[in-house]
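Keep the viewer open and follow along.

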Amino acid sequence: KGKSDFQTCMLPSTFVLFLFSETPVLFKQELQNEEAKEGKQVRLTCELSKPGTPVKWMKGDTVLYASEKYEFKQHGTVAELIIRDVKSVDA
């Protein structure tokens, strides 16, 4: 088997997207700064060069899991993190 490549895409905040793939994956569109009012939701989006690439979202050293707060979506080459009820600690 081929060696897996490991890449990260980091927001200016502390959110990180980890990609795991047997072949190199490039970022066609990296994560961008997003602003949201407290109590609202924000959507972070990153476009990859390879559809269906497994991703893992983290905040600092903490792996994020799907919950009422966080929702993950992946459509082809686009990976999304939706953060609900945004607070200042989410920056």
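## A well-covered strand

Strand S8 is mostly covered, with five of its six residues buried. Strands here are DSSP runs of type E with at least two residues, helices are H or I runs of at least four, and both are numbered from the N terminus. Buried means under 20% relative accessible area, exposed means over 50%, and partly exposed is in between, using a 1.4 Å probe on protein chains only. Ala 79 is found in S8, and at 0% relative accessibility it counts as buried. Glu 80 counts as buried too, at 11%.

A word on the source: this is a predicted model, where local features need pLDDT of at least 70 and side-chain atom pairs count only at pLDDT 80 or more, while totals for chains, interfaces and linings use all residues. Residues are numbered from 1 along each chain as its sequence is written, and side-chain values use heavy atoms, with hydrogens and water left out.

## The sheet around it

Which strands make up the open sheet, and in what order? Four of them, running S3-S4-S8-S7 with antiparallel pairing; two strands pair if DSSP finds at least two bridges between them. S3 (27–29) and S7 (70–75) stand at the edges with a single partner strand each, so one side of each has no neighbour in the sheet. From one strand to the next, the twist averages 25°. That angle comes from axes, which are lines fitted to C-alpha atoms (for helices over the stretch in contact), and angles run from 0 to 180 degrees between N-to-C directions.

Now the pairings. S3 and S4 are joined antiparallel over two bridges, and Gln 29 has Glu 47 in S4 as its bridge partner. S4 and S8 also run antiparallel, with six bridges. Here Val 42 stands opposite Ile 83, and Thr 45 stands opposite Glu 80. S7 and S8 pair antiparallel over six bridges. Gln 74 is bridged to Ala 79 in S8, and His 75 stands opposite Val 78. These two strands form a hairpin with two residues between them, and Gly 76 in the turn has a positive phi of about 60°.

In soluble globular proteins, nonpolar side chains tend to be buried together. The largest nonpolar core in this model has 13 residues. Such a core is a set of buried Ala, Val, Leu, Ile, Met, Phe, Trp, Tyr and Cys residues joined through side-chain atoms within 4.5 Å. Those touching the most other members are Leu 31, Leu 44, Trp 57, Leu 64, Tyr 70, Leu 81 and Ile 83. S4 and S8 are the elements that give two or more residues to this core, and S4 gives the most, with four.

## Charged pairs

How many salt bridges turn up in the whole structure? The search finds six, each being a side-chain nitrogen of Lys or Arg within 4 Å of a carboxyl oxygen of Asp or Glu. One of them joins Arg 43 to Glu 80, at 3.3 Å from N to O. This pair links distant parts of the chain, since Arg 43 is in S4 (residues 42–48) and Glu 80 is in S8 (residues 78–83), 37 residues apart. Arg 43 is partly exposed at 34% relative accessibility, whereas Glu 80 is buried.

Glu 71 and Lys 73 make another, with their closest N and O atoms 3.8 Å apart. Glu 71 is partly exposed at 24%, and Lys 73 is partly exposed at 31%. Together with Arg 84, they are linked in a network of salt bridges.

## After S8

Lys 87 and Asp 85 meet in a salt bridge at 3.2 Å, N to O. Lys 87 is partly exposed at 38%, and Asp 85 is partly exposed at 39%. Asp 90 lies in the segment after S8 and is buried at 9% relative accessibility. Its side chain reaches the backbone nitrogen of Lys 87 at 2.8 Å.

How values were computed
Polar contact = N/O pair within 3.5 Å; in protein donor to acceptor, adjacent residues only side chain to side chain.
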